[in-house]
Amino acid sequence: MKLRKTTIWTAAVIALAAAGGIINSQTNQAQTVKVQKSVKKISNKTKYGFKRDFKFPQSWRGKWFSNIHGHLSNMIIKKNGFNTPWTGEYVKLVSVGKVKGTNKYLWQMPQSWFTKHNKIFKNLGRVTTKNLKNKKWIVFSPIDENNIKIGYAFSLQNKKIDGKTQKVMFEANPKTGEIYDQFYRSPKLAQKYQNYHFKNETYAPVFNQYQKK
């Protein structure tokens, strides 16, 4: 396996299956600021195969809440990246292309190359867009992976809940569009409607995927 798949993203999956909620601390916030500053310095260097920084729409930014079998977790979306709901770690998102001077895409580069440049890539993720179930989704995946099926697809939609329109962030399988999880703007909404099935949405067989067996 390539370097990035065995660090941030694989660790996120393990953390998900093991628990549920995350706790944001002052230490974590400080690490986020540090990562943002260090990544900003190198993110536009096309020699490493970056095309451009990704910018989240303004409506996506801010804190989102999910309630998984009694454990409240949150996802913080910022201008160019997000603190994941799985580990709380900040990941900056970029679109990728070919590495300068090689005619190769990032996912075609050897692991030794990623090991050499680990300081640059360890907090970066790849972003793409895809249409699933007639809706546009933003997909986050490992920066060195061409196959997005191991990534995470998100879509922001306006939904009617008890007669009121609320913004709901859906997380889905990037291949099938089946919903795994859904996030709300407040802890109260997440606790009350976490397992609510919205019309015209396709849910995974065991929604949500982190449900205890």
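Two strands pair if DSSP finds at least two bridges between them. Strands here are DSSP runs of E, at least two residues, and helices are runs of H or I, at least four, numbered from the N terminus.

**Ground rules.** I am working on a predicted model, where local features need pLDDT of at least 70, side-chain atom pairs count only at pLDDT 80 or more, and totals for chains, interfaces and linings use all residues. Residues are numbered from 1 along each chain as its sequence is written, and side-chain values use heavy atoms, with hydrogens and water left out.

**Entry 1: β5 and its partners.** I started at β5 and looked up what it pairs with. In β8 (residues 124-132), Gly125 is the bridge partner of Leu93. I found three bridges between β5 and β8, and the two run parallel. On to β1 (residues 50-53): it is joined to β5 by three bridges as well, but antiparallel. There, Arg52 sits opposite Ser95. β4 (residues 81-83) is antiparallel to β5 too, again over three bridges, with Gly81 opposite Lys92.

**Entry 2: burial of β5.** Is the strand buried or exposed? For the cut-offs, buried is under 20% relative accessible area, exposed is over 50%, and partly exposed is in between (1.4 Å probe, protein chains only). Seven of the seven residues of β5 (residues 90-96) come out buried, so the strand is largely enclosed by the rest of the structure. In a regular strand the side chains alternate between the two faces of the sheet. Here I see Tyr90, Lys92, Val94 and Val96 pointing one way and Val91, Leu93 and Ser95 the other, all of them buried.

Entry 3: Val94 is buried at 0% relative accessible area. Leaving out residues up to four places away in sequence, Val94 touches Phe50, Arg52, Asp53, Phe54, Leu124, Gly125, Arg126, Val127 and Ile143. I also noted 9.8 Å between the C-alpha atoms of Val94 and Gly49, which are 45 residues apart along the chain. Ser95 is buried as well, at 15%. With the sequence neighbours up to four places away left out, Ser95 touches Gly49, Phe50, Lys51, Arg52 and Val127.

**Entry 4: nonpolar cores.** A nonpolar core is a set of buried Ala, Val, Leu, Ile, Met, Phe, Trp, Tyr and Cys residues joined through side-chain atoms within 4.5 Å. Which residues touch the most other members of the largest core? Of its 18 residues, I get Phe154 and Met169. The elements giving two or more residues to this core are β3 (71-77), β5, β9 (135-142) and β10 (152-161). β10 gives the most, with three residues. Met169 has contacts beyond four places in sequence that include Trp60, Trp64, Met75, Ile77 and Phe154. I also found a second, separate core of 17 residues, with Ala153, Ala172, Ile179 and Phe198 among them.

Note on methods:
Contact = heavy atoms within 4.5 Å.
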